[in-house]
Amino acid sequence: MGDIIEHKCFKCGGALKFDVTSQKVKCPYCDAEYEAADLMADEESKVELKDDINISADAGKEWDSNEQDSLTVYCCESCGGEVYSDENTSATMCPYCGNAVILKGRLSGTLKPDLVVPFKRTNKDAIDALKEKCKGNILVPKGFINENELKEIKGLYAPFWIYDADVDAEFKFIGVNERRVSNENEEIIIKDYYSVLRAGNISYERIPVDGSKKLDDDLMESIEPFYHDDAVDFKTAYLSGYLADKYDVTQEEAIPRASQRISNETEVAFKETAHYDKITTKEKGVKIYNTTANYILYPVWLMNTQWKDQKFTFAMNGQTGKIVGNLPISNPKAIGLGVAMFFIIFGLCTGVFGAIMGGDYGTSAIIGFLFGVVATFFTIKFLIGQIRDVCSDDYASVYRKPNSFNLTRKSDRFMYRDRDVIRKK
């Protein structure tokens, strides 16, 4: 005897029944109606989607013995950081914590980088950018701008694993279109729900993953991207005058972060093809394959400053000049600005809407209050975002390979309609 197939209501989960009169499938619990053909199509599409991650770990080269002998390693006994450089470059302070480093010996136990992006920005560029950043936001304490002390600035080649990958993917989304209808007595919110399927492929180039535990991952992702037009085969000569961090995150340990960024960005790419008011992911299957990996050194200026016994770390992309770092916030400035903005907007809106509404200043005051709160909140939030600009980047939009996105299958099926009725007083 064959298996019994029981169809469930998309809206409430109740068991559906076929209605002879309407020739549709109905839910006896919430009154939702479905076409029989749509339910059969949904049954046929019930294939569980799974991820299939296959990322290679074959980056890096073996050092030539002469190259390795010419490199010196320095170790910080405070934080454990290790950096290396050529024999003509000496290090006295740790670029991570600012404490003294000691000479450890010759480089060993690490792979040779495949590529390097040389420095294009000088230490003067980094200092000027930091000064400009501190002056550029009115919420930064005045004392910090005038009194913070630059304790250390170092040009550091940061180790990264970079990955190229091809992706085949399939997503099942729930799409919702919403519209409102109103009359004298009520407002009706009508929501149409759709079952959305998208399948296709996309490729990525040089997605980076920080290879150092001592370098803050969020800080490094915040100064991305680095551009590979300037990338060259690694030569020890590029280390002259700079330090290079020894990687302590292996290729295998970096793979989960690379696959996370690839998977997240792929989901975004496929969602962009589904044009609904709201779109949520129901299931996904992402296959990552044809991957190649490289070990590369990226140029970074690290700056450690001190103010009122607090340490602040800033990083600048040594290629593009992009600078990031969390600055302190002056609470009195934030409160003062917020209060001033609120009353200005409140007064303007109350006056303008009061005139428009024929002298109804009671209602216009409520509107002015709401405008004032919302505008003040988003303005302060924006200014704080300019100060606190260190954050992780869980996506990879700049690493999509141009013209590689190809949609191979798509379908959009209506599932049901929902109504919310709001009674007017």
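The questions and answers below take up these topics in turn.

Reader: What should I know about the model and its numbering?
Author: This is a predicted model: local features need pLDDT of at least 70, side-chain atom pairs count only at pLDDT 80 or more, and totals for chains, interfaces and linings use all residues. Side-chain values use heavy atoms, with hydrogens and water left out, and residues are numbered from 1 along each chain as its sequence is written.

Reader: How many salt bridges does a search of the whole structure find?
Author: A salt bridge is a side-chain nitrogen of Lys or Arg within 4 Å of a carboxyl oxygen of Asp or Glu. Searching the whole structure on that basis gives 19.

Reader: Which residue meets R198 in a salt bridge?
Author: R198 is buried at 2% relative accessibility (buried is under 20% relative accessible area, exposed over 50%, partly exposed in between, with a 1.4 Å probe and protein chains only). The N to O distance is 3.1 Å, and the partner is D412.

Reader: How many residues apart in sequence are the parts that R257 and D394 tie together?
Author: The closest N and O atoms of R257 and D394 are 3.0 Å apart. R257 is buried at 18%, and D394 is partly exposed at 28%. R257 lies in helix α6 and D394 in the loop between α8 and β16, so the parts tied together are 137 residues apart. Helices (H or I, at least four residues) and strands (E, at least two) are DSSP runs, numbered from the N terminus.

Reader: Which element gives the largest share of the lining of the second largest pocket?
Author: A pocket is an open set of points on a 1 Å grid over the protein atoms alone, where a 1.4 Å probe fits, with protein on both sides within 12 Å along at least five of seven lines; lining residues have an atom within 4 Å of a point. This one is lined by 15 residues, with D31, A32, E33, Y416 and R417 nearest its centre. The largest share, 6 residues, comes from β16.

Reader: Which element do the buried residues of α7 pack against?
Author: Helix α7 covers residues 331–356 and reaches 37 Å from first C-alpha to last, close to the 38 Å expected at 1.5 Å a residue (1.5 Å times one less than the number of residues). Its buried residues include M341, F342 and I345. With contact meaning heavy atoms within 4.5 Å, the buried residues pack against α8.
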